[in-house]
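Here is a short report for a first look at this structure. Keep the sequence and the 3D view at hand.

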Amino acid sequence: MDRRHFLGTGAALAAAGTPLLGGVARAAAARTAPRRPSAAADALPSRADITAVLRKVADRWIAANPGTGDNLWANATFYSGLMALYRLTRDARYLDRARSWAESHGYGLSGGTTTRDADNQCAGQAYLDLYEAEPDPAKLTAIETCLHRMTAVDQVGKNDDWWWDDALHMGMPPFARLGALRGDGAYWTKLHSLYTHTKSAEGGPGLLDPATGLWYRDKNFLPGGILSPSGKPVVWSRGNGWVAAGHVKTLKALPADRSDTAEYRDTLARLIGAVARVQRADGFWNVNLADPAHFPGPETSGTVFFAYGTAYAVAAGLVDRAAHLPVAARAWNGLVATAVHPDGTLGYVQKVGDRPDSSQPVTYDSTADFAVGGFLLAGTELAGLAA
């Protein structure tokens with residue numbers, strides 16, 4: 001595909017009526033204040049109030065799903081969020097639940113230790129969390145063997161495994177965290193090689209649109225590919241949410257003085273600046289960031305990951321606090337007011353898919369494990385910013 005065609009996408013998105021960021025410096029993007037619908041919506045609740053909602057949502061999911069479930073990416077994302085809630089509350093019930101899940105799978109990976117599929121490696125994030133809580137080398141045997149094979153043994157020059165943007169959340173954090181745990185920069189080098197292919201080479205130009213800072217889900221949605229029914233680009237909300245979450249978890253593990261750390265920070269800041277510009281007045285994001293008429297309405301799974309990414313970016317100083325803390329607060333308040341049921345069920349979740357059209361219609365009763373995990377991640381990050 002002609003890179004010039006790809007670089008024109010920013011203009012195409014703007015022409016579509018979507019106020020996305022163009023080719024501007026990160027500093028300017030980070031300091032562009034989104035519109036504020038009301039002071040109340042922009043106010044971050046107290047740490048105690050946030051924690052109470054987190055407990056209610058987590059407890060409801062656990063009660064409604066007494067079995068610990070599989071070790072695939074969706075359920076693994078729930079346990080990543082549950083472990084974040086454990087770190088916030090130190091409630092042993094959450095640690096016990098996560099431990100029981102991991103033990104039921106022998107701390108193994110779907111597809112075994114030869115898998116190169118980032119979805120299968122996502123479980124390693126929770127295993128690493130459990131290792132940090134209760135160190136035991138056996139907890140890391142499968143994920144370490146798997147990533148070591150990719151880094152040093154099996155087709156080490158192959159870097160096209162992450163062909164969809166969701167993979168950045170599933171695969172980046174285990175590489176980053178193992179490198180830190182073992183003091184082995186080879187994991188970070190491999191991580192960056194895989195990431196660079198996804199960002200700048202997959203499908204020809206790569207899945208990142210450098211003009212806007214947003215990401216296409218996979219090569220099928222690059223310019224010249226799939227469009228919305230009204231002929232506008234398809235820039236999937238949750239796909240970009242996965243990208244944001246993957247960057248957050250990676251940056252939490254990497255040393256600040258690595259050159260690729262600076263790249264990840266800059267890329268996340270641009271993404272957070274871009275999504276702030278298209279946030280709905282109710283705090284949510286539409287399923288298609290480039291076409292608000294494409295299945296319009298509140299959607300939780302993209303929103304929780306943008307709240308997570310924005311809260312981290314504020315805390316880490318990647319974006320201006322005064323401009324962007326209200327974005328995260330508005331998202332949280334909208335989720336609590338609209339998506340959280342009185343019993344703690346989390347609704348308005350677009351279930352498994354790869355585009356805005358997937359798992360429609362999204363309703364008040366639509367829920368899923370990965371979105372609950374994302375909600376827990378967002379809330380725990382916001383709790384760190386709250387009084």
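Predicted model: local features only at pLDDT ≥ 70, side-chain atom pairs only at ≥ 80, totals over all residues.

Residues are numbered from 1 along each chain as its sequence is written, and side-chain values use heavy atoms, without hydrogens and water.

**Core.** The largest nonpolar core holds 118 residues. Such a core is a set of buried Ala, Val, Leu, Ile, Met, Phe, Trp, Tyr and Cys residues joined through side-chain atoms within 4.5 Å. Buried means under 20% relative accessible area, exposed over 50%, partly exposed in between (1.4 Å probe, protein chains only). Trp162, Leu346, Phe375 and Leu376 have the most contacts inside this core. Helix α6 (residues 73-89) gives the most to it, with 11 residues. Helices are DSSP runs (H or I, at least four residues), numbered from the N terminus.

Glu202 lies in the loop between α12 (185-200) and α13 (237-253).

**Backbone.** Most residues other than glycine have a negative phi, and most peptide bonds are trans.

| Residue | Phi | Relative accessibility |
|---|---|---|
| Phe295 | about 50° | 34% |
| Ser359 | near 50° | 32% |

A cis peptide bond joins Gln360 and Pro361. Pro361 sits in the loop between α16 (321-339) and α17 (369-383). Ser359 is in the loop between α16 and α17.

Methods:
Helix = DSSP H or I, 4+ residues; strand = E, 2+ residues; numbered from the N terminus.
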